[in-house]
Every structure is written in C-alpha cells, then in structure tokens.
Amino acid sequence: MTEDLAPALETVELAKSYGTHAALEPLDLVIDAGELVMLVGPNGSGKTTLLRMAAGLLEPTSGRVAIDGFPSGSLEARAALSFLPDNPVLYDDLSLVEHLHYIGRLHGVPGDELDERGAALMERFNLSNRADDLPVTFSRGLRQKTSIAVGLIRPFSVLLVDEPFVGLDQPGKEALTELLVDAYEQGATVIVATHALEFAQVANRCIGLRDGELAYDGEATPGQVERLVS
Amino acid sequence: MAAVTYDTRASDLRVMARARRRNRAAGVDVFEGFYQAYLTAFGCAVAVLLSSDAIGDNKVTPHQLHDVVTRGPGVIGLGIAVVFAVAVRSGSRGGPLVLPAADVRHVLLAPVRRDRALRSAAVRQVRFSAFVGLVIGAGLAVLASHRLGGGGAPAWAPVGAAVGGAVGATAAGLGLVCSGRRVRPWAGLLIAAALIGWSGADVALGRVTSPMGLLGQFALTPLKFHPASVGVAALVAVVAVAGVVGIGGLSIEQAERRATLASQIRFALTLQDLRTVVLLRRQLTQEQSRPKPWVRLGPLGHGRRVVWRRDVRGLMRWPAVRLVRLAVLGIIAGAALAGTFAGTTPLIVVAAVALFLAGLEALEPLAQDIDHPDLPSGTPTVPGELRLAHAPVPLAVMVVVALVGWATAIVMAAAGLFSVPLALTVGATLIAPAALLGLVGGAASVVMEPPSSGGDFLPAEVAGVKTVLRAVWSPALVVIGLTPVLVARSALHHTGAHRSSPGGAALSASFLPITVGLIGMGWLRFREDVRQSFSMTPPPAKP
C-alpha cells in the first residue's frame, strides 16, 4: 500500500551541479497524486534538470527523488512514470506503429489493447495515414507528435512533460492539451514544464524555478506565470 | 491510466530487435554491401603487405632472439596493460557500450531488468572486441614470424590470434565491469595507472608477475612455452563474464551522453572532420577548460600581440588532462623516433601521428576561430594575418612537446638502445623541424574544409583515392619534418670517404622540412590570395 500513501513526486535536498555550476540548488518538493502541475521559469532555471532527474536520466549530485515512493530509476518508478522529452528520440528503423507496439509491450500492455490505444492516439494526432512510415522521414512536428504518442501509449501514474508544445501546429497543441487534461482527470499526476502561458488556465498548481531555486509554488494566473518566466 | 503493470517478457525485446533488423536489411543495397566488404578486404590485404615489406624478412641475431625471449613477455605485457588501461578509463566514463539513443530513452526507462535488456549488447561488445583483437593479433604474429623464426606463420598465427582475442575480450570485459560498477573516473585513472605500473615494474625487473606479462609469455609460445601462461585464460573468461553479467548497473546519464556524442563522432569521422572529432571527444570525456587559469594574467592590451596574449590566456585554462596528453604524445613521438633511429623505419609514422595529434591540440586558439567564423570575420583584420598571428603560441607548445620527445629519446639511449651523445646531437637538430611540421600538419587539418558532397563527377575509384589523400596528407606533412632522423641513421652506417657525423647530417637535412614548414606558414597567411590567383572565375567586367 506504499503507493497509495506516497506522494507522486517527492524531492529531498535534490541538487545537481556541473563542475562549479549549480543547475539545481537543494530542492525539497512534494507533489501529491492527482495534481496537474505547471513548471515554469526562465531558460536555465533548472526545469529540465529537475524533470530529467525525476525520470532517472540524470543522476543527482546530492539528495534524492522518489516517484510514488520509489527511488527514481528503480523498476517500480520506471513502471509508474512516463516522460515526454522536449527532443523526440525515436528509432530510425521502426515504423510509427512498430514504435507504439514496441514501447507498449515493454510496459506490459496486451496486444489487443495496444491496437486500440495506438489507433486512438494516431487518430487524435492525425497520424493514421503515416502508421507504417519510418519517423526518420517525418518533419520535426510529426516526430514530436510520434514521441508524444509513444509516451502516452503505456500505462502511467505520473506523467512528466518537458516543453511539449514546441514544434506542434495549433491542432496538435489542442490535441495534446486535451490528452494531458484527460490523463489528469483519469487520476494521473501530470507535471508539465512549459513557457505556454495559456496552460496556467488548466493547471491547478504552478511551481516556479529561477536560477535553480524554488521561486514560486501555488496557484497562478497567466499574468503571474509571465512574470515568473521573464 | 493509473494501473501499472510490468510483467514484460524478454521475448518482447527479441521480437522487436528482429523487426528492427528486418527494417534495416530492407534499406541495405546488397551490391553496395558487397562492394564495401571488397574494399575492406582489399585495404586489409594492402596494409598487411605494406607492413610486411616495411618490417622486412631479416632474421634477428641469436643475441637479439635471446633478448626477445627474456624481455619480450614483459614488453608485450606492457603494451597489453596500456590497452587494458584505456578500457578501464573508458569504462569509468560509461564505455565501452554505445547504445542507440532511443534504446536509452525507451528500453532503459521501461520497467524491464536492465541487465537482461543490455546483455545481448554487452555480449556483442565482447565478441566484437575479441574479433578485432584476434585479427590484429594474428596479423602481428605473422609479421613477427618473418623475423623471429620459431616455426613460421603456421605456428605464430594461431597463438597471435588467441592472445589478440583474449586481450580484446578482457579489455571489453574490464570496460563493462567498470561501467556496470560505476567506477569513478579518478578511480579508473588509479586502476589504469596501477595496471601500467605493474607491467612497467615487470619490464624494469625483467620478471613476469602480472596477468598481462603472462599473456605476453603466451604470445611468444612459438619461441618458448610457459605452462603457467595458459592459466591466464581462466582470468580472461572471468573478466569477460563479469562484464556481461554486471552491465545492468551502468549509468543512464553516461549512456545517454555517449549515445548522442558517439553517433556525432561517427558522422564527423565520415566527413574526416578531425576538429569536430576532437571537440566531441572532449565532450565525451567531459574535458572542459579550467574555470580558474593556472596563472592569472593582466589585461589583453592592444595591438598585434593581443592575439598572442589571447592564445596564452587560452593555454592557461587548459585542463591538466590535456597537458598530460600532450606530454604522453611527446613521449610516444620521442620513443618512436628512437626506435626509427635504431632501425625500425615504420615507427616514423607513429611519431608523425603523435606529433600531428599534438599539433591539433596545440592549435586550439586557431581552431576556435575556425569553429566560430562569425567572430573573426566581424573584425577589421585580414583573415590570413589573424591565422598567422595564432601560430607563435602553438609553436611554442610544440617545441615543448618536441623537448619532451628529445628527453625520452635520451632516456632510451641511456637504457642501451644507442649512444647518449647521438641522442643529444641528432635529437637537438630534430626539435625545430618536428615542432614546425607538427604545427603545419595540424593547421592543414584544422583549416581544411569539409569534402564537397557532389559536383566533382569523379569515378568511384578516383573519388576514393581523393578521399584517402585528404585523410593522409596532413600527417604526411609531419613525416617530412622527421626525415632528418633517417638521414642521420644513414650517416651513422655510411662508411665511405665523405662520411659525416649523424648530427651534422641531420642538421643539413633539416633545411628541407623547415622550408616546407615555412611554405606551410605562408599558405596559412596567403591561402585566399593563392586560391584567388588560381581561380577560374573571370574578373568582373569593367563598365
């Protein structure tokens, strides 16, 4: 029952530095299950560093980070978490639909469910006619949509999203916002690092970082977010 | 959405690996593949023939053979220790595995056991390293059989292949163990130094106590069989298996960095863009300029010397590892030139490559300008003058590298390779041409533009030769700078009436490389003007 009691994401004195440069100062943060959080801050404030450490892609210099009560990078944390990065990283030798099947199977999604969810995601992003194409032939925007579909095909209880709207057209942005809200409404914790001010209207909590330190934590209007980003 | 399951089977990984192989195979042109295999085989055959020819077939004397039997295992062991040290260093930085970036992002972040997910990649790494070692070992053994006797190639080749394969597998295993155990870079450096130190002590004491020395003993089995040397096979197997089994603990952060940078390095290599390779390698090893300089200097000031002062400031921020690397390159160059003077002519190429690499490092300030063309082009300076103004400080660095090489040669002479006065006189005459041509060779590579992607309409064979020439001409320039050592050696063995001292002969022979070096400097200064004068473009018509 540890999962039910533990916060979705918890950092304790979490810090990251590169040589003498501190990318993230020691940070204590608790995000409870079922929150829709907007993570904001100017460039170099530590947003991506925080998300990548939570995802297990970066090792903390000190402190720790837990997902659903499990250490970041552990088998349980990896099962609970989905990370949508700002730069799509895809296989050159798998088609779009093969990507969805591969990632889905790695996360234990049954075959018939995969077909159904994959078709729905491709439909949502208007990618159905490219299902059998290699993403290496796609534009930046289509690759970004593929990457998002890959991140959403599998089960998760915590969704980390880094600058998701970059490179997307307007319908893509709207579809993604709907999907993020859907995930939140179905009980997942969604944490989105973005500069898109309008996302403040759907987020129920805003966390602002500046120079690697916590600068704001609470509800925020687009105007407040704009001040945090500038 | 919140339901979480992770009962993934390993078979899912295999199924998709097959799908990826199928997709890759669909994109491969069979005839293109055969052509590449043919070119590779042809290149290997040419390399073996040329090496064979360079080493010659003269059998060593009984005294020399005794030296090989008694001191050879230690020396071979030292070479193997260097290979192992490189592997340990690589492992402490997340090597030797280079995974596809998508595997790092999707497979290693999926709820699958990483040791299982990485096992096949680790086995492939061990297998590949063992195969490369096997081929190199067999080739070296065949070359050795020409001079050492001991049953000829049929006796030497299998032994060389076995030792080479064992060295390759162990090196990969050591790297994987260090990577899987997350050995810190400083600890990796200590282990590497210990391995080399152990083998160095074996050489100095004339004994075999290290596993590397045992492998060296086994490598000389056609001359003398040591039963104990066979036992090292167990150690090889243990290290290789430990590497494969323990790879699940590797750092995802390092794996992702390697995945990104290694693919960029491969691409830069295909373009023969050595400067980019140098920069990416520094990123891979996290080699950064010092935030605080070794010595804090005053303001840059004004005038022509501002470029020199800027270059000195860059030099003052070089990390210690780069200084050590330059010193090691100087030692390699000096040792190889001593070997050349002692009679092994092909070693001159090793010395030239070492000095060429040192030149690439020393030319950092010029390379920075080439990397960021917008910065110098925005200043009211003539590009050639600016390039030339960057030369003095790197030249001073190259002189220091050459001095390190000279000191190395003197030490080797004192150890009995040849007389110390010869090392003093011949070495002294080599410093200027070696430093100058090392710099010019490096500069030629740094300022070289990437190959044109089309428009030449050359047949494949001609285009291939052109590609090879592009790759070798910069290091070849450095070889010219080292030719005085060959002249000095010739003078040493010359018994005619007009016999001159080796030092004097080397000094006379320095004229040519120094002239070539000065021409190279002139080319650096007047490159655009020379191109303009050879250009086929007609001058603009007068109104």
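The expected span of a helix is 1.5 Å times one less than its number of residues. This rule is applied below to a predicted model.

**View 1. Helix 6 of chain A, residues 140-152, shown end to end.** Helix 6 of chain A comprises 13 residues, and the distance from its first C-alpha to its last is 18 Å, close to the expected 18 Å.

View 2. Because ten of its 13 residues are buried, helix 6 of chain A is largely enclosed by the rest of the structure. Among these buried residues are L142(A), I148(A), A149(A), V150(A) and L152(A), together with Q144(A) and K145(A). Their cover includes strand 6 (81-84) as well as helix 4, helix 5 (111-124) and helix 7 (170-185), which belong to chain A.

**View 3. The side of chain A that touches chain B.** Chain A contributes 32 residues to the contact and chain B contributes 30 residues. Helix 3 (75-80) and helix 4 (96-106) of chain A each provide at least two residues of this side of chain A. The largest share, five residues, is supplied by helix 4 of chain A. Classified by type, the side of chain A that touches chain B holds 18 nonpolar, nine polar and five charged residues.

**View 4. The fold of chain A as a whole.** Eight helices and ten strands make up the secondary structure of chain A. The C-alpha trace of chain A extends over about 45 × 40 × 35 Å along its principal axes. The radius of gyration of chain A is 17 Å, which agrees with the value near 17 Å for a compact globule with 230 residues. Of the 230 residues of chain A, 51% count as buried.

Methods
Residues numbered from 1 in each chain as written. Chains lettered and ligands numbered in written order. Predicted model: local features only at pLDDT ≥ 70, side-chain atom pairs only at ≥ 80, totals over all residues. Contact = placed C-beta atoms within 7 Å. Helix = DSSP H or I, 4+ residues; strand = E, 2+ residues; numbered from the N terminus. Nonpolar A, V, L, I, M, F, W, Y, C, P; charged D, E, K, R; others polar. Rg over C-alpha atoms; globule rule 2.2 N^0.38 Å. Buried ≥ 20, exposed ≤ 12 C-beta atoms within 10 Å, placed from the backbone.
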